[in-house]
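Colleague: Could you take me through the labels used for this model, giving for each one the value and the rule behind it?

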Amino acid sequence: MAEQGEYDLLHHGDREVGDGLVDLAVNVRLAAPPEWLRRELADTLSGLAAYPDVRGAVEAVAARHGRPPSEVLPTAGAAEAFTLLASAFRGRNAVVVHPQFTEPEAALRAAGQAVRRVVLPAADGFVLTPDAVPADAELVFVGNPTNPTSVLHPAQALRQLCAPGRLVVVDEAFLDAVPGEPESLAGQRLPGVVVLRSLTKTWGIAGLRAGYVLGEPEVLDRLRAVQPPWSVSTPAAVAMVACSRPDAVAEANRLAREADRDRERLVEGLRGLGVEVAGVPRAPFVLVRVPGAGRVRLALREAGYAVRRGDTFPGLDGDWLRIAVRDRETTDRFLAALADTLT
């Protein structure tokens, strides 16, 4: 168990980017939505006078994951889901497994919740050990694959977290960026397990805020009771329908395979420069440890590249950086710039 410490939980990758910088700080794969998705989103503009109706999105997501519609709740991105969970389950003994996306802890603290941290050690590759979670934890948050470590935890380890009276929240925001979506719990109805999904990363629609929650109907009813009316916009609901179709799922898997190849090239290049890459990365980003990473990050900005600082994630210090996976040409240019900063 870690001491609380002080971290800027509201610092995200978008605060690193700036005019003229190549963005390796934000984990959004595409610079813009694909043309077919842009057309469908554009077609919603003529209907914006009407209030949003998410029923089509619910049915599409349910079919995509093989679950009944009663087990699907659309949200304004995965971030809204964290706020709903913190509000609906206020008062539970909350544990956040770190290092991970800081929004769950930020949402819990904003709701007045006390939060305990379980910090996975770098020496073990940031791999989840189920018995590290205290037995009295009633609300547990874990990412899979985890941001920023890029670790993909085995589904069996996640299932071992289940216990009577406990709600386990698995953030699968990047799972569709892993070929074949291994270790996913999205298609399984497990007592006491909630799965969060995001469409923004794979499809280049972070500005749209589109995500959803999968879980037991009684859990989703509690979230729905505290969700603001019409929080999911019409374009976001249309995106959920479009991105849940079989051809879109197949395209996402193709993009994931491309990202796998691009990540391998990035990791090989980093290690060739003597840079430590954490664990076994499986997501479209990697976590690296570089002594004096703050200086390196600023030097990279001078060279035109934005990367994500790591010391705002609980469990990481100032020697860590997160680097988003990009195409081969961008990676090669970045590695050359990084080599210059390390000499």
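This is a predicted model: local features need pLDDT of at least 70, side-chain atom pairs count only at pLDDT 80 or more; totals for chains, interfaces and linings use all residues.

Colleague: Why does Arg 197 count as buried?

Modeller: The relative accessibility of Arg 197 is 2%, and the rule calls a residue buried under 20% relative accessible area, exposed over 50%, and partly exposed in between, using a 1.4 Å probe and protein chains only. Residues are numbered from 1 along each chain as its sequence is written, and side-chain values use heavy atoms, with hydrogens and water left out.

Colleague: What makes the meeting of the side chains of Arg 197 and Glu 181 a polar contact?

Modeller: The distance given for this pair is 2.9 Å. A polar contact is a pair of N or O atoms within 3.5 Å, where within protein one must be able to donate a hydrogen and the other to accept it, and residues adjacent in sequence count only if both atoms are side-chain atoms. The value lies within the limit, so the label applies. Glu 181 is itself buried, with a relative accessible area of 18%, and its phi, near 50°, is a positive value in a residue other than glycine.

Colleague: Where are Arg 197 and Glu 172 placed?

Modeller: Arg 197 belongs to strand S7, and Glu 172 sits in the loop between strand S6 (167–171) and strand S7 (193–198); here helices (H or I, at least four residues) and strands (E, at least two) are DSSP runs, numbered from the N terminus. Glu 172 is buried because its relative accessibility is 0%. A polar atom of the Glu 172 side chain lies 2.8 Å from the backbone nitrogen of Leu 185. Setting aside neighbours within four places in sequence, Glu 172 is in contact (heavy atoms within 4.5 Å) with residues including Asn 144, Val 195 and Arg 197.

Colleague: How do you know that the side chains of Glu 105 and Arg 117 meet in a salt bridge?

Modeller: Their N to O distance is 2.6 Å, and a salt bridge asks for a side-chain nitrogen of Lys or Arg within 4 Å of a carboxyl oxygen of Asp or Glu, so the pair qualifies. This pair links distant parts of the chain, with Glu 105 in helix H4 and Arg 117 in strand S4, 12 residues apart. Both ends count as buried, because Glu 105 has a relative accessible area of 0% and Arg 117 has one of 3%. As background, side chains of opposite charge can pair when their charged atoms come close.

Colleague: How many salt bridges does the structure hold, and which residues do shared partners join into one network?

Modeller: There are 23 salt bridges in the structure. One of them pairs Arg 224 with Asp 221 at 2.8 Å, N to O; these two residues both lie in helix H7, 3 residues apart, about one turn of the helix. The network formed by salt bridges that share partners joins Arg 64, Glu 172, Glu 181 and Arg 197.

Colleague: What makes H4 mostly covered?

Modeller: Of the 8 residues in H4, 6 are buried, namely Glu 103, Pro 104, Glu 105, Ala 106, Ala 107 and Leu 108. They pack against H3, S3, strand S4 (115–119) and S5.

Colleague: What is omega for the cis peptide bonds from His 98 to Pro 99 and between Asn 147 and Pro 148?

Modeller: For the bond from His 98 to Pro 99, omega is near -5°, and for the bond that joins Asn 147 and Pro 148, omega is about 15°. Pro 99 is in the loop between strand S3 (94–98) and H4, whereas Pro 148 is in the loop between strand S5 (139–143) and helix H5 (155–159).
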